[in-house]
Amino acid sequence: PKKVLAEEFTGVSCPPCPKGHKVMRSINTQLNDRMVIIAYHKFDYPQTEPLQEPHKSHYDFRTEDASEAANNIFGGLPGMPYAGFDRVAVGGALLINTLGWSNAATTRAAEASPVNIHITSVYDATTKEATIKVKLAYTQTVNLTQNLTLAITEDSIVDRQKDQDDTGMPLVLDEYDHEHVLRDVVTPVSGTQIPDKVNPKVAGRVYERTFKVKLKDEWKP
């Protein structure tokens, strides 16, 4: 079954964003965990800035990769929370608000996938290096140029988050469980092109690539 890529732009200083996280979780449950979710925290946006005293954030989730995705892949960020699905436009827009997420995700999940993606990883705690192997196994002919993007995300990071009460008034949650936080895009953000030697991409063709990634000390492997 096809998996759906959901790229969600969010921020710790964004009161409406926790409701967006709930919407995304609900959609993923409905699709039997068939979504790959990346939570982007970009720079130069008020709602992504870490919280200050008296509820100061412990971490800064912002990455240049998230900013590049917002600016160069999606052409700018119209607001938060917004998300894109498989980088396919909905109503002419690559990024849409929460009202359109369910329809976009289920529509993309109904598409057939012409390639199976297999990922395995081994982590060396001594060197703090991950060896990540990606295998593409084609099940149908593909005549398009394709790029492969490899990203590292981290779940269950407990830190502060702005939220809203039932009346819409902002509040701060001191122990919020941050999920799918982008740590790094290993390849270029737009991906690295599948080499010409893989062509023709026909059923039965397999392409494998290995990445070596040094994890930062603040990441939990």
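View 1. Helices (H or I, at least four residues) and strands (E, at least two) are DSSP runs, numbered from the N terminus. The model is predicted: local features need pLDDT of at least 70, side-chain atom pairs count only at pLDDT 80 or more, and totals for chains, interfaces and linings use all residues. Residues are numbered from 1 along each chain as its sequence is written, and side-chain values use heavy atoms, without hydrogens and water.

**View 2. The buried residues of helix H2 and their cover.** Five residues of H2 are shown as its buried residues: Asp65, Ala66, Ser67, Ala69 and Ala70. Buried means under 20% relative accessible area, exposed over 50%, and partly exposed in between (1.4 Å probe, protein chains only). Strand S1 (4-9), strand S2 and strand S11 (181-185) are among the elements that cover these buried residues of H2. Glu49 belongs to the loop that runs between strand S2 (35-40) and helix H2 (64-73). With a relative accessibility of 41%, Glu49 counts as partly exposed.

**View 3. Ser67 and its contacts.** Ser67 is one of the residues of helix H2. Because its relative accessible area is 7%, Ser67 is classed as buried. Leaving aside residues up to four places away in sequence, Ser67 touches Lys42 and Phe43; contact means heavy atoms within 4.5 Å.

**View 4. Pro18 in helix H1.** The helix that holds Pro18 is H1, made of residues 17-30. Pro18 counts as buried, because its relative accessibility is 2%. Apart from residues up to four places away in sequence, Pro18 is in touch with Gln161, Lys162, Asp163 and Tyr176. Pro18 and Gln161 stand 143 residues apart along the chain, with 8.1 Å between their C-alpha atoms.

**View 5. The salt bridge of Asp217 and Lys128.** A salt bridge is a side-chain nitrogen of Lys or Arg within 4 Å of a carboxyl oxygen of Asp or Glu. By this rule there are 7 salt bridges. In one of them, the side chains of Asp217 and Lys128 meet at 2.7 Å, N to O. Distant parts of the chain, 89 residues apart, are linked by this pair: Asp217 is in the segment after strand S13 (206-214), and Lys128 is in the loop between strand S5 (115-124) and strand S6 (129-138). Asp217 counts as exposed, with 63% relative accessibility, whereas Lys128 counts as partly exposed at 34%.

**View 6. The salt bridge of Glu154 and Arg183.** The closest N and O atoms of Glu154 and Arg183 are 3.0 Å apart, and the two residues form a salt bridge. Because Glu154 lies in strand S8 (residues 151-154) and Arg183 in strand S11, the pair ties together parts that are 29 residues apart in sequence. Glu154 is buried at 7% relative accessibility, and Arg183 is buried at 13%.

**View 7. The salt bridge of Arg160 and Asp174.** Arg160 and Asp174 form a salt bridge in which the closest N and O atoms are 3.0 Å apart. Arg160 is part of strand S9 (residues 157-164) and Asp174 part of strand S10 (residues 170-178), so the pair joins parts separated by 14 residues in sequence. The relative accessible area of Arg160 is 18%, so this residue is buried; Asp174, at 38% relative accessibility, counts as partly exposed.

**View 8. A network of salt bridges.** Lys2, Asp86 and Arg108 are the residues joined by salt bridges in this network.
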